[in-house]
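The following questions and answers examine a protein and DNA assembly, shown below. Each answer ends on the value or name requested.

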Number of protein chains: 2
Amino acid sequence: MDNRAKILSNALKLFAARGYDAVGTQEIVDAAGITKPTLYHYFGSKEGLLKALLETNFEPLYQSVREAAAYQHDLPLTLERVVLAYFNFADKHRPYYRMQLSMWFAPVDSVPFKAVAELNRRQQQLLETLFLLAAEDHGNMRGRHQMYAATFLGMINTYVSLALNGYASVNDDLVYKAVHQFMHGIFS
Amino acid sequence: MDNRAKILSNALKLFAARGYDAVGTQEIVDAAGITKPTLYHYFGSKEGLLKALLETNFEPLYQSVREAAAYQHDLPLTLERVVLAYFNFADKHRPYYRMQLSMWFAPVDSVPFKAVAELNRRQQQLLETLFLLAAEDHGNMRGRHQMYAATFLGMINTYVSLALNGYASVNDDLVYKAVHQFMHGIFS
DNA sequence: CAATTACTATACCACTCGGTATACTCCCGT
DNA sequence: ACGGGAGTATACCGAGTGGTATAGTAATTG
């Protein structure tokens, strides 16, 4: 692993555990076993490091969800695949998803929130498109695609948060339960 | 407004907007028009200020939800009252709820997360009790009260987050929609 | 071979951080 | 009138912040 990768890896762990503002560049370079000029050579600034971290890790998630969200006139199936895509990714990249999750709800004027804002928009967009297409098949869903996208994503993140903190295990059963609850509620 | 209140008020606004770690004590006392020893006289430390902020504002929310969550064998009604309690509170104390929300998803080893952990537990407990009681009336819900409590709270915070950012307006219709979706899913 | 380029360490910068020692003023109870 | 405590400001502390000027090394390219 070269120095650039070492920096990314250690910064990710530290940011995920204690937050962007609470972790100094000195601590990052110490953990990576290098010095500050190396960090600033590759990333220009602390904020640049954060953005590189997001870009590197988000794209695989996005592509994975994108493929899963291809609508083929079977909404339950598609939603299950989307949830599965999120769950699998979060499980395979726990520190990263922890960080992204904390940044999602970060204060609006904070550096971390501004850095993920665009990524959130893209996820929302993806799901909106899905629900918009689905509404053509399910008339009673019409006009609510934005709300569905937002609450669906919120539900996914709630479940992922539970899983990351050990209150649930990420498996096919959880995926089914999540989608089923989203579509049919808690009674059935 | 005395100096103690000035500090609390200004610190709340700043923490809600940019986060605990990103805001220094100097900035807080400048905004409040006082000096540091005054802050340290009342709160002992920056962390003490944060805890005072939480204690002051959380208790009213907790009591409000507690009353709303009194189960009387009508789950939809009770859930609507709980959601309404959260919505009303979040609407009346926007900066505070913004802050609490960001702290809820903050990194696990961060100061803010540790400070709200206990409050989160108390909310979760309240809802678990509710769903446990409800499961006596609705057998098919049995054994899932923890999951229901967690996802219900997650759903509430998703909606509140939407409302706080202007993507939805907090009114009775939204309350009804939120509970209805939670109980019956998106199809009906 | 020489020159350039990528990369990295030493040592440092100005500034901000959370927190405090000291002293002062003001008010309250005696 | 006086002691004592609450509250507040001035001025300061050591440590750490994000960031950089300089110089060096090692590999690549002409």
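Q: What percentage of the atoms of DNA strand C within 4 Å of the protein belong to sugar or phosphate?
A: This is a predicted model, in which local features need pLDDT of at least 70, side-chain atom pairs count only at pLDDT 80 or more, and totals for chains, interfaces and linings use all residues; side-chain values use heavy atoms, with hydrogens and water left out. Residues are numbered from 1 along each chain as its sequence is written, while chains are lettered from A and ligands numbered from 1 in the order in which they are written. The atoms of DNA strand C within 4 Å of the protein are divided between bases on one side and sugar or phosphate on the other. The sugar or phosphate part is 57%.

Q: Which residues come nearest to DNA strand C?
A: A residue is near a strand if one of its heavy atoms lies within 4 Å of it. There are 16 residues around DNA strand C. Those that come nearest are Asn3(A), Thr35(A), Thr25(B), Tyr40(B) and Lys46(B).

Q: Which residue has a polar backbone atom 2.7 Å from a phosphate oxygen of DNA strand C?
A: The polar contacts considered here are pairs of N or O atoms within 3.5 Å; within protein, one must be able to donate a hydrogen and the other to accept it, and residues adjacent in sequence count only if both atoms are side-chain atoms. The backbone atom at 2.7 Å belongs to Thr25(B).

Q: Which helix supplies the largest share of the surface near DNA strand C?
A: Helices (H or I, at least four residues) and strands (E, at least two) are DSSP runs, numbered from the N terminus. H3 of chain A, together with helix H2 (25-32) and H3 of chain B, each supply at least two residues of this surface. The largest share, four residues, comes from H3(A).

Q: How many residues of the surface near DNA strand D are charged?
A: Ala, Val, Leu, Ile, Met, Phe, Trp, Tyr, Cys and Pro count as nonpolar, Asp, Glu, Lys and Arg as charged, and the others, Gly among them, as polar. On this basis the surface near DNA strand D has six nonpolar and eight polar residues. The number of charged residues is two.

Q: Which residue has a polar side-chain atom 2.9 Å from a base nitrogen of DNA strand D?
A: Phosphate oxygens of DNA strand D lie 2.8 Å from a polar side-chain atom of Lys46(A) and 3.2 Å from a side-chain N or O atom of Thr38(B). The base nitrogen is instead approached by Lys36(A).

Q: What area do chain A and chain B bury between them?
A: The size of an interface is often given as the accessible area lost when the parts come together. Buried area is the accessible area (1.4 Å probe) that two parts lose on being put together, summed over both. Carbon and sulfur atoms carry 67% of the area buried between chain A and chain B. The area is about 3,500 Å².

Q: How many salt bridges does the rule find across the interface of chain A and chain B?
A: A salt bridge is a side-chain nitrogen of Lys or Arg within 4 Å of a carboxyl oxygen of Asp or Glu. Four residue pairs, both members at pLDDT 80 or more, are in polar contact between the chains. The number of salt bridges is zero.

Q: Which helix gives the most residues to the side of chain A that touches chain B?
A: With contact meaning heavy atoms within 4.5 Å, 41 residues from chain A and 41 residues from chain B take part. Helices H1 (3-18), H6 (94-104), H8 (145-164) and H9 (172-184) of chain A each supply at least two residues of its side. The most, ten residues, come from H8(A).

Q: Why does Asn120(A) count as buried?
A: Asn120(A) is found in helix H7 (residues 111-137) of chain A, and its side chain makes a polar contact of 3.5 Å with that of Trp104(A). Buried means under 20% relative accessible area, exposed over 50%, and partly exposed in between (1.4 Å probe, protein chains only). Asn120(A) counts as buried because its relative accessibility is 12%.
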